[in-house]
Amino acid sequence: MTAELLRVRDLAVSFATEGGTAKVLDRVNLTIGRGQIVGLVGESGCGKTTLARSILGVLPRNSAQIGSGSIVFDDADLLKVDPATLERTVRGRQISFIPQDPYGSFNPVFTIGSQIMELMKWKSPELNDRQAARSGWLPRFHGRQRYRADRQRVLEMLAAVQLPNPDAILAKYPHEVSGGQRQRLMIAMALLTEPKLIIADEPTTALDVTIQAQILKLLRQLATGRGVAVLFTTHDLGTAYEICDRITVMYAGQEMEEAPSEGFFNRPSHPYTSRLLRSLPSNDGGLVGIPGEIPSLVNPPIGCRFHPRCEYATEICCSQRPEPHDVGVDHVVRCYHPVTEKPKQAVQ
Amino acid sequence: MTDAAIDPNASASADDVAILDVRQLKKHFAIRNPWGWRTGSLKALDDVSFTVRRGEILGIVGESGCGKSTLGKTLMGIHQPTDGSIVFEGNDIAGLSPSASRDLRRHLQYSYQDPGASLDPRWKIRRALHEPLVVHTDFGYDERERRVRDILQAVGLPAGHLDLYPHEISGGQQRRVGLARILTLHPSLIVLDEPTSGLDVSVQATILKLFLDLQKQFNLTYLFISHDLSVVRMICDRIAVMYLGKVVEFGDTETVFESPRHPYTQSLLAAIPDIGGRRITDTFLLEGEPPNPGDLPSGCRFRTRCLMAQPRCAESEPELRTDWPDQQAACFFAE
């Protein structure tokens, strides 16, 4: 057993679109340690959701094309495992998912309880792999014992995510609970199967700030308490700062910088990340945006995809993508001209 | 709906610097059961009063459902107010019929939350920009075109964009077109409803800069409605914090952010991620969620989540106290 739980190497994914082939991920690297909360930060359209989906193995089959690379989870390459095994042993059991939109993720015509019990029917941690393949098809009376155990487990989990009155909530329909509660239910469902990794795709974007703070606190507490690793995608550097141990920044389908949280906010080394941090609203600093627009992924710039907007760009940036190299402890940046000066708003 | 009812308070307190004076504004929506009987009312705005000074940026902040968008829409006459007065440049515009207020409205403009959805997908940008001038002025095509091009330059878009459709430009550019569309009429007050939501940070910074530049250039006053407190802090001169239809705290931005008085404002500020500061995952204390706005608790509406709540809070509703310089808070126990 290695210290790394997940290791994505040189992953390239492209999508067939009407306008041509969109090269959404360009040889992306990502590492998640056991029990670590890793933030995947980037602006919209940078490929963070695609990366999350490729780890889960739920890319759209008819348009997505995985060009190269490997996704090693717990010493097995998920890209080489056959889909049925993946479904039976990994997806939903060892890797679970918290979606962005808690409104759209429940079926409106079934009670919350029946939907959570449906999950337990297929993915309960009590099942071994062989049972998991068929247990969902068995009539309910077949496993009454297990049903009771599962229900008990669900009630305990709802209490753990601080939902008042778990019994009453199970009997409710999704529209009867608030957005914050729905997101708590999603976290509960993600944790119920005792996964090793949770992929949380912008789980707090749709929530208000005070509710967001509650949810972040809860997620961090539960994940560190249970030793579950989290891949937390977000477009908000502030949120990432609050919850993550380690941060990976993506831009237009390339990862730009990987670093532990403190090192990253202290000394962002990629020109893009340093500009991004400076474009956050602050009291002392003026407004520094990044000139230009995010490039099209059908015809992305060659080399480093940030070069058209980069103030340090030279010829080599336009022809060849920089290889990752260390600039600090565990701090990897993919740039020929890493920034060295300290940004204005730095961690004391 | 009283027609142009003049509130005595309004004329007394409206000094010459106030461009907009809102007094005891109320907007209640009916809650009806399946037979259409009125079973209660949802108090989206309850006794909201404030003044906007000429040339300032007033921020309205609060979480979703607190009534900040309803406030903007009521000011614009999209919703008819239930009670209260809205004095804009000396005229009471509350409860006027759309046709009567159209002339006044030329100088009071509203920028929608989602600029992509507020542009007609089948109209080119040129036609969208001409439309307000067609409605409000009797300029000929050439005059309109000249004005549109000037404005387009002011918001930083190339003239070539006039021949594009809304789906062909990015979100930040759509926002610029939305602004240009308003600016063609030379308004004096613009209500910006969540002007930065849905934008990436790098684009957000350039758009905010544009707001500030345009404010100087066209001598504008903004009512800046937002839930993003860090943006509000940076751009607004004064802020009003709303909770469930009430203004709970009002004052100079710096004063409120430095020393928030109301417990709700304190929690709201504690919830903003602060890069470099302490993690909110260690420090955040507020529990619970806002109550159902159709069924408010008695007394202070924040008492169900408040850490300082006392029996008195359930009995009567606190008014805005003016115990501090440049700052007001609606709480009995605020210090």
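**Close-ups of a predicted two-chain model**

**View 1. A residue pair across two strands of chain B.** B:Leu25 faces B:Val48, a residue of strand 2 of chain B. The structure shown is a predicted model. Strand 1 of chain B covers residues 18-32, and strand 2 covers residues 38-53. The two strands run antiparallel. Eleven bridges hold the pairing on record here. In a regular strand, side chains alternate between the two faces of the sheet.

**View 2. The turn of the hairpin in chain B.** Strand 1 and strand 2 of chain B form a hairpin. Five residues lie between the strands. Look for B:Gly36 in this view. Its phi is positive, near 85°.

**View 3. The interface of chain A and chain B.** Chain A brings 40 residues to the contact, and chain B brings 38 residues. The size of an interface is often given as the accessible area lost when the parts come together. Here the two chains bury about 3400 Å² between them. Carbon and sulfur atoms account for 55% of that area.

**View 4. Polar contacts between the chains.** How many salt bridges cross the interface of chain A and chain B? The rule finds zero. Polar contact is another matter: ten residue pairs make it across this interface, with both residues at pLDDT 80 or more.

**View 5. The helices of chain A that touch chain B.** Helix 7 (179-192), helix 8 (209-226), helix 9 (237-243), helix 10 (261-266) and helix 11 (271-278) of chain A each supply at least two residues to this side. Helix 8 of chain A gives the most, with nine residues. By class, the side of chain A that touches chain B holds 17 nonpolar, 15 polar and eight charged residues.

Key: Residues numbered from 1 in each chain as written. Chains lettered and ligands numbered in written order. Predicted model: local features only at pLDDT ≥ 70, side-chain atom pairs only at ≥ 80, totals over all residues. Heavy atoms only, no water. Contact = heavy atoms within 4.5 Å. Buried area = accessible area lost by both parts, 1.4 Å probe. Salt bridge = Lys/Arg side-chain N within 4 Å of Asp/Glu carboxyl O. Polar contact = N/O pair within 3.5 Å; in protein donor to acceptor, adjacent residues only side chain to side chain. Helix = DSSP H or I, 4+ residues; strand = E, 2+ residues; numbered from the N terminus. Nonpolar A, V, L, I, M, F, W, Y, C, P; charged D, E, K, R; others polar. Pairing = 2+ DSSP bridges.
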